[in-house]
Amino acid sequence: MNLKVLDMSRVLAGPVCSMMLGDLGADVIKVERRGEGDETRGWGPPFNADGESAYFLAINRNKKSLAADLSNEKDRTIVLDLISGADVVLENFLSGSLARLGIDPEELLEQNPLLIWCTISGFGAESTRPGYDFVIQAECGWMAITGEPDRAPMKVGIALADVIAGKDAVIAILAAVAERGAGPLSRGRRHINISLADSARAALVNVAQNVLVSGRDAQRWGNAHPNLVPYQLFEAADRPFVIAVGSDSQWHACVEALGLRELAEDQTLATNAGRVKNRDRVVSALADRVGEMGAQYWMDRLQSVSVPCGVVRTVAEAIEVADADRRTGMPPSATGTVRMPPPKLDEHGDAIRTLGWRAFQP
């Protein structure tokens, strides 16, 4: 990908976006504050032997680092020169902050009719509220539907709203790049605004639609599913595993594999709607049966008839099968390559200040 991306974002959503673009081949310069850099450089432990936080390492490969103080005229001039040669600028400053520093997105978009600018915010382009994933999960309905029904609301185990917003930004940027290739774009089309709140609400998908269609608010289902039965966690004799029945044919294969012929012959359970209506009876029967044997025994039987199922693995177990690296993190989830490890703060500053975008040339 022949794109030059200037990344002035921090923390997670923006860096995820620029890392994915870097994985796809873009040249990415990460602009960081002098002295401390991106906040996530200090988000630990754990830190590796070089003092780099695992958090920072996870989302900053395939970038070169430039430390700059945007309130300093000389540094600001360097950044503006880089913007003039960039295809994409990515940032997550609070509304109006960059303009007050002399870097006005609207002016720069007017000056450069090819520039694409992506602003990532917490609650929208005009909001001055800082956007942290935990707050977004609370306010956008996620916590209300996560956790056991009789316990307190819970957040998702990772900062998923940030990750989704970062991926949304990648999609929007690449769409603008493709559209730009077909002809000139208006300034409005070239200024992309992605908010964590919008991304999080959109990610409610069927849960939001359930509320819209039924008129009833969503609730917490723990490890069960509001629309599918059986689709939840079960305890085998030795460890927990999940069964995820998504069709009526899978249901019949499931109960046959579990030796529950009486359920297979019960016409009130032949459709998913019937099983949802009789959720407690279905779940109780399956729970009693799978508790008799170990998880692998049931996994073998269920997989032999193509019923989706899986054991609950720890993170350490899950990443054993991935081509992960202690320095560069998990492999790209989309087609891409790891070309550079995450940079030290201002590691490439001298070269960038001297050569600009030519710092990427061999």
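Me: How many helices and strands does the protein have?
Reply: In this predicted model, the protein has 17 helices and nine strands. Along the principal axes, its C-alpha atoms fill a box of roughly 75 × 45 × 40 Å.

Me: What share of the residues counts as buried?
Reply: Of the 362 residues, 43% count as buried. Contacts tell you about the fold as well: among those with a separation of 6 or more, 70% come from residues 24 or more positions apart.

Me: Let's turn to the sheet. In what order do the six strands lie?
Reply: Here is the general idea. Strands of a sheet pair through backbone hydrogen bonds, and the pairing is either parallel or antiparallel. In this case, six strands form an open sheet with parallel pairing, and you read them across in the order 3-2-1-4-5-6.

Me: Which strands are at the edges?
Reply: Look for strands that pair on one side only: these are strand 3 (64-67) and strand 6 (191-195). As you move across the sheet, neighbouring strands are turned by 20° against each other on average, direction ignored.

Me: Which strands does helix 1 touch?
Reply: Helix 1 packs on the sheet and touches strand 1, strand 2, strand 4 (88-91) and strand 5 (116-121). The direction of helix 1 makes about 160° with that of strand 1.

Me: Is helix 1 mostly covered or mostly open?
Reply: Helix 1 is mostly covered, with 11 of its 11 residues buried.

Me: Let me try another pair. How far apart are the axes of helix 11 and helix 15?
Reply: The axes of helix 11 (residues 248-257) and helix 15 (residues 295-304) are 9 Å apart, and the helices pack at an angle of about 140°. That makes helix 11 oblique to helix 15; the cut-off for roughly antiparallel is over 145 degrees. The crossing of these two helices is right-handed.

Me: Which residues meet there?
Reply: C254, E256 and A257 in helix 11 meet W298, R301 and L302 in helix 15. This contact has four nonpolar, no polar and two charged residues.

Me: Now the backbone. Where are cis peptide bonds found?
Reply: Omega is the angle to check. A cis peptide bond joins G44 and P45, with omega about 10°. You will find P45 in the loop between strand 2 and helix 2 (54-58). The bond from V229 to P230 is cis as well, with omega near -5°, and P230 sits in the loop between helix 10 (205-214) and strand 7 (231-235).

Me: What about phi: what is its value at V205?
Reply: V205 has a positive phi of about 30° although it is not a glycine. This residue lies in helix 10 and counts as exposed, at 53% relative accessibility.

Me: And where is D346?
Reply: D346 is in the loop between helix 16 (315-319) and helix 17 (349-355). Its phi is positive, about 60°, although D346 is not a glycine. With a relative accessible area of 22%, D346 is partly exposed.

Note on methods:
Residues are numbered from 1 along each chain as its sequence is written. This is a predicted model: local features need pLDDT of at least 70, side-chain atom pairs count only at pLDDT 80 or more; totals for chains, interfaces and linings use all residues. Side-chain values use heavy atoms; hydrogens and water are left out. Two strands pair if DSSP finds at least two bridges between them. Helices (H or I, at least four residues) and strands (E, at least two) are DSSP runs, numbered from the N terminus. Axes are lines fitted to C-alpha atoms, for helices over the stretch in contact, and angles run from 0 to 180 degrees between N-to-C directions. Contact means heavy atoms within 4.5 Å. Angles under 35 degrees count as roughly parallel, over 145 as roughly antiparallel, 65 to 115 as roughly perpendicular and the rest as oblique. A crossing is left-handed if the near helix is turned anticlockwise from the far one by less than a right angle, and right-handed if clockwise. Ala, Val, Leu, Ile, Met, Phe, Trp, Tyr, Cys and Pro count as nonpolar, Asp, Glu, Lys and Arg as charged, and the others, Gly among them, as polar. Buried means under 20% relative accessible area, exposed over 50%, partly exposed in between (1.4 Å probe, protein chains only).
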